[in-house]
Amino acid sequence: MNEQEFIESIDFNFPYQDGVKALELIDQAKKISSNASFMVLHEIVRAPTDVDHEVRKKLYKQWLSGFNHKLLPIVREAAESLLSGSELSISRVLELMQHIEPEVGQYCALGIIYFACDDQEGKVDDLYNQIIEQWQSA
């Protein structure tokens, strides 16, 4: 299974209540790509509201185990904000997004950061779209 197929297979379809299957997907994503791994993280930290917070925290800890990537400190800040139900400031999200910008193709990492604030003015949308356009033209 390639990266795109994997991402499509778990998008809005992550097995939160099946710990064995969730762990298998976490491991599978690590073998596919960092973008696939960040997609799993995206599903964990942005789980539906009916998924128990303790389940999400456990999955997050499992996801962190053995994952090493230079973007992890940047993404982790946003992920933990989402996981805790808090928001980052718009200026902080913009700053984190700028750190991701040179990492072409890290769409899921960018998405995690994008959702870590409530930007009513559209500043985050503008930068997000700019980065996506830049990556797609690269």
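**Figure 1. The side chains of Glu54 and Lys57 meet in a salt bridge, with N and O 3.5 Å apart.** A salt bridge here is a side-chain nitrogen of Lys or Arg within 4 Å of a carboxyl oxygen of Asp or Glu. The model is a predicted one, in which local features need pLDDT of at least 70 and side-chain atom pairs count only at pLDDT 80 or more, while totals for chains, interfaces and linings use all residues. Residues are numbered from 1 along each chain as its sequence is written, and side-chain values use heavy atoms, with hydrogens and water left out. Glu54 and Lys57 both belong to helix 4, where they are three residues apart, about one turn of the helix; helices (H or I, at least four residues) and strands (E, at least two) are DSSP runs, numbered from the N terminus. Glu54 is partly exposed, with a relative accessible area of 47%, and Lys57 also counts as partly exposed, at 30%. In these legends buried means under 20% relative accessible area, exposed over 50%, and partly exposed in between, with a 1.4 Å probe and protein chains only.

**Figure 2. Arg56 is a buried residue without a salt bridge.** Arg56 is found in helix 4, which covers residues 53-64. The nearest side chain of opposite charge is that of Asp52, 8.9 Å away, where Lys and Arg count as positive and Asp and Glu as negative, and His and the chain ends are not counted. Leaving aside residues up to four places away in sequence, Arg56 touches Ile44, Val45, Ala47, Val51, Leu82 and Leu83, a contact being heavy atoms within 4.5 Å.

**Figure 3. Glu77, Arg92 and Glu95 are linked in a network of salt bridges.** Because Arg92 and Glu95 are three residues apart in helix 6 (residues 90-100), they are separated by about one helical turn. Arg92 counts as partly exposed at 25% relative accessibility, and Glu95 is partly exposed as well, with a relative accessible area of 37%.

**Figure 4. Lys123 forms a salt bridge with Glu121.** The closest N and O atoms of Lys123 and Glu121 are 3.4 Å apart. Lys123 is partly exposed, with a relative accessible area of 44%, whereas Glu121 is exposed, with a relative accessible area of 60%. By the rule used here, the count of salt bridges comes to six.

**Figure 5. Met39 is a buried residue of helix 3.** Helix 3 covers residues 34-45, and the relative accessible area of Met39 is 5%. Not counting residues up to four places away in sequence, Met39 touches Ile7, Ile10, Asp11 and Cys108. The C-alpha atoms of Met39 and Gln106 are separated by 9.6 Å, although these residues are 67 residues apart along the chain.

**Figure 6. The setting of these views is a protein with eight helices and zero strands.** The radius of gyration, taken over C-alpha atoms, is 14 Å, close to the 14 Å that the globule rule (2.2 Å times the number of residues to the power 0.38) gives for 138 residues, so the protein is as compact as a globular protein of that length. Its C-alpha atoms fill a box of roughly 40 × 30 × 25 Å, taken along the principal axes. Buried residues make up 48% of the 138 residues in the protein.
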